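Please read the points below with the chain open beside you. They go through a handful of features in turn.

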Amino acid sequence: QVQLVESGGGSVQAGGSLRLSCAVSGRTISNYATSWFRQAPGKEREFLGRISANGYNRNYADSVKGRFTISRDSAKNTLYLQMNRLTPEDTAVYYCAAGNRGSNYHAEEQWVYWGQGTQVTDSS
């Protein structure tokens with residue numbers, strides 16, 4: 001069974017940085033497209049970015065493009081989200097996902113496997 005576990009969340013001052021990790025077990029991430037979403041209280045889950053299974057293609061939401069970077073370490077079977085210049089609007093629970101069903105990777109329902117989320121809180 002595929003499991004994804006996010007970590008690295010916490011509280012950070014505005015303008016600061018965090019790197020989230022998503023440890024994947026049960027499958028190698030090189031066989032799956034992977035992605036990051038976030039969900040703020042009272043809001044819908046928001047697509048942040050994805051990386052293709054082969055690692056060559058990356059796509060980001062306009063809201064985070066230039067600030068957030070997705071990477072992976074195949075040897076560790078871990079996906080990362082580097083977040084820079086954080087603002088209070090970035091406060092949310094961050095989720096990693098794997099295995100998109102189709103080309104519409106922006107949509108939550110297109111992803112098969114999900115982690116439990118990790119809280120990121122931005123202050124000031």
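1. Two strands pair if DSSP finds at least two bridges between them. The model discussed here is a predicted one. Strand E7 (residues 68-73) and strand E8 (residues 78-83) meet this condition: they run antiparallel and are joined by six bridges. One of the bridges pairs Asp73 with Thr78 in E8. The hairpin of E7 and E8 has four residues between the strands, and in this hairpin Asn77 takes a positive phi near 55 degrees.

2. Strand E11 has two pairings to look at. With strand E2 (residues 10-13), E11 pairs in the parallel sense, over four bridges. Here Ser11 has Thr121 of E11 as its bridge partner. With E9, E11 runs antiparallel, and three bridges join the two. In this case Tyr94 has Thr118 of E11 as its bridge partner.

3. Which residues of E11 are on its covered face, and which on its uncovered one? In a regular strand, side chains alternate between the two faces of the sheet. Strand E11 spans residues 118-123; Thr118, Val120 and Asp122 make up the covered face, while Gln119, Thr121 and Ser123 make up the uncovered face.

4. How many disulfides does a search of the whole structure find? The search finds one. Its partners are Cys22 and Cys96, with an S to S distance of 2.0 Å. The pair links distant parts of the chain, since Cys22 lies in strand E3 (residues 18-25) and Cys96 in strand E9 (residues 92-100), 74 residues apart. A disulfide is a covalent bond between the sulfur atoms of two cysteines. The torsion about the S-S bond of Cys22 and Cys96 is about 70 degrees, and the disulfide is therefore right-handed. Cys22 and Cys96 are both buried.

5. Ser35 belongs to strand E4. Is Ser35 buried or exposed? Its relative accessibility is 0%, so Ser35 counts as buried. Leaving aside residues up to four places away in sequence, Ser35 touches Gly49, Arg50, Leu79, Tyr95, Cys96, Ala97 and Trp111. Cys96, among these contacts, is one of the two cysteines of the disulfide.

6. Pro41 sits in the loop between strand E4 (34-39) and strand E5 (46-51). Pro41 has 74% relative accessibility and therefore counts as exposed. Pro41 and Val93 are 52 residues apart in sequence, yet their C-alpha atoms are 8.4 Å apart in space.

7. Ala14 is in the loop between E2 and E3. Why does Ala14 count as partly exposed? Partly exposed covers the range between buried, under 20%, and exposed, over 50%; Ala14 has 38% relative accessibility, so it counts as partly exposed. Not counting residues up to four places away in sequence, Ala14 touches Leu86, Pro88, Ser123 and Ser124. Ala14 and Asn59 are 45 residues apart along the chain, and their C-alpha atoms are separated by 24 Å.

8. Last, the empty space. Rolling a probe the size of a water molecule over the atoms shows where such space is left. The largest pocket has a volume of about 150 Å³. It is lined by 13 residues, of which Arg38, Ala40, Lys43, Glu46 and Glu89 are the closest to its centre. By type, the lining of the largest pocket has seven charged, four polar and two nonpolar residues.

Note on methods. Residues numbered from 1 in each chain as written. Predicted model: local features only at pLDDT ≥ 70, side-chain atom pairs only at ≥ 80, totals over all residues. Heavy atoms only, no water. 1 Å grid on protein atoms, 1.4 Å probe; cavity = no way out; pocket = protein on both sides within 12 Å on 5 of 7 lines; lining within 4 Å. Points joined across faces, edges and corners; volume = space filled by probe spheres on them. Nonpolar A, V, L, I, M, F, W, Y, C, P; charged D, E, K, R; others polar. Disulfide = S-S within 2.5 Å. Buried < 20%, exposed > 50% of the residue type's maximum accessible area, 1.4 Å probe, protein only. Contact = heavy atoms within 4.5 Å.
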